[in-house]
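Trainee: I would like to go through this model and test each label we put on it. Can we take the terms one at a time?

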Amino acid sequence: MRRMGPGEVAQLLAAEEGEPPILLDVREPWEFQICRIEGSLSIPMGQIPGSLARLDPNREIVVICHHGIRSYQVARFLEQQGFTRMINLDGGVASWARDLDPAMPVY
């Protein structure tokens with residue numbers, strides 16, 4: 001698993017080469033309603049084991065949560081399931097809002 005801060009993930013999303021990564025937001029629905037990174041797929045952490053078929057193990061996946069702890073755990077779990085291109089957003093949406101998008105609602 002790679003770990004990237006908000007700036008690195010933004011650069012990855014802006015790259016014009018290849019297929020963009022999947023943005024997997026593992027927060028609860030109420031959290032996702034407050035704020036999200038545009039284009040994110042919402043699958044709460046507890047639903048990940050039953051949702052593996054929704055994810056492509058060959059695509060790069062950036063896992064997102066509030067502060068980066070749940071996303072790290074999900075990324076580790078997905079690696080154990082054979083996913084090899086995992087990225088954890090260090091600091092989660094809180095750091096994304098602080099560093100890149102000050103207009104993003106926070107909680």
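Trainee: What is the strand order of the open sheet, and which pairing does the sheet have?

Mentor: Keep in mind that this is a predicted model. The open sheet has five strands in the order 1-5-4-2-3, with parallel pairing.

Trainee: What makes strand 1 and strand 3 edge strands?

Mentor: Each pairs on one side only. Strand 1 covers residues 2-4, and strand 3 covers residues 41-42.

Trainee: How do you know that strand 2 pairs with strand 3?

Mentor: Count the bridges. Pairing needs at least two bridges. Strand 2 and strand 3 have two, in the parallel sense.

Trainee: What joins strand 2 to strand 4?

Mentor: Four bridges, and the two strands run parallel. The cut-off is at least two, so strand 2 and strand 4 count as paired. Leucine 24 has valine 63 as its bridge partner in strand 4. Leucine 23 stands opposite valine 62.

Trainee: Which way do the residues of strand 2 point?

Mentor: Ile22 and Leu24 point one way, Leu23 and Asp25 the other way. All are buried.

Trainee: Which elements make the right-handed β-α-β unit?

Mentor: Strand 2, helix 2 (residues 29-34) and strand 3. The label right-handed is a matter of viewing direction: with the strands pointing away from you, the path over the helix runs clockwise.

Trainee: Why is serine 71 called buried?

Mentor: Buried means under 20% relative accessible area. Serine 71 has 0%, so it is buried. Serine 71 sits in helix 3.

Trainee: What makes the pair of serine 71 and asparagine 88 a polar contact?

Mentor: Distance is one test: the N or O atoms must lie within 3.5 Å. The side chains of serine 71 and asparagine 88 are at 2.4 Å. The side chain of serine 71 also reaches the backbone oxygen of glycine 68, at 3.3 Å. Among the residues that serine 71 touches are Val26, Val63 and Leu89.

Trainee: Where does helix 3 lie?

Mentor: Helix 3 (residues 69-80) lies across strand 2, strand 4 and strand 5. It runs at about 175° to strand 5.

Trainee: Which residues have the most contacts inside the largest nonpolar core?

Mentor: Leu24, Ile61, Val63 and Leu78, in a core of 14 residues. Strand 2, strand 4 and helix 3 each supply at least two residues of this core. Helix 3 gives the most, with three. Another core lies apart from it, with 13 residues, including Met4, Ile37, Val62 and Ile64.

Trainee: How do you know that isoleucine 87 is buried?

Mentor: The same cut-off applies: under 20%. Isoleucine 87 has a relative accessible area of 0%, so it is buried. Isoleucine 87 belongs to strand 5. Its contacts include Arg2, Met4, Leu12 and Val62.

Trainee: What separates isoleucine 87 from leucine 23, in sequence and in space?

Mentor: They are 64 residues apart in sequence and 9.6 Å apart in space, C-alpha to C-alpha.

Trainee: What covers the buried residues of helix 4?

Mentor: The cover includes helix 1 (6-14), strand 4 (61-64) and strand 5 (86-89). The buried residues of helix 4 (residues 92-99) are Gly92, Val93, Ser95, Trp96 and Ala97.

Definitions and conventions. Residues are numbered from 1 along each chain as its sequence is written. This is a predicted model: local features need pLDDT of at least 70, side-chain atom pairs count only at pLDDT 80 or more; totals for chains, interfaces and linings use all residues. Side-chain values use heavy atoms; hydrogens and water are left out. Buried means under 20% relative accessible area, exposed over 50%, partly exposed in between (1.4 Å probe, protein chains only). Contact means heavy atoms within 4.5 Å. Axes are lines fitted to C-alpha atoms, for helices over the stretch in contact, and angles run from 0 to 180 degrees between N-to-C directions. A nonpolar core is a set of buried Ala, Val, Leu, Ile, Met, Phe, Trp, Tyr and Cys residues joined through side-chain atoms within 4.5 Å. A polar contact is a pair of N or O atoms within 3.5 Å; within protein, one must be able to donate a hydrogen and the other to accept it, and residues adjacent in sequence count only if both atoms are side-chain atoms. Lists of a residue's contacts leave out its neighbours within four places in sequence.
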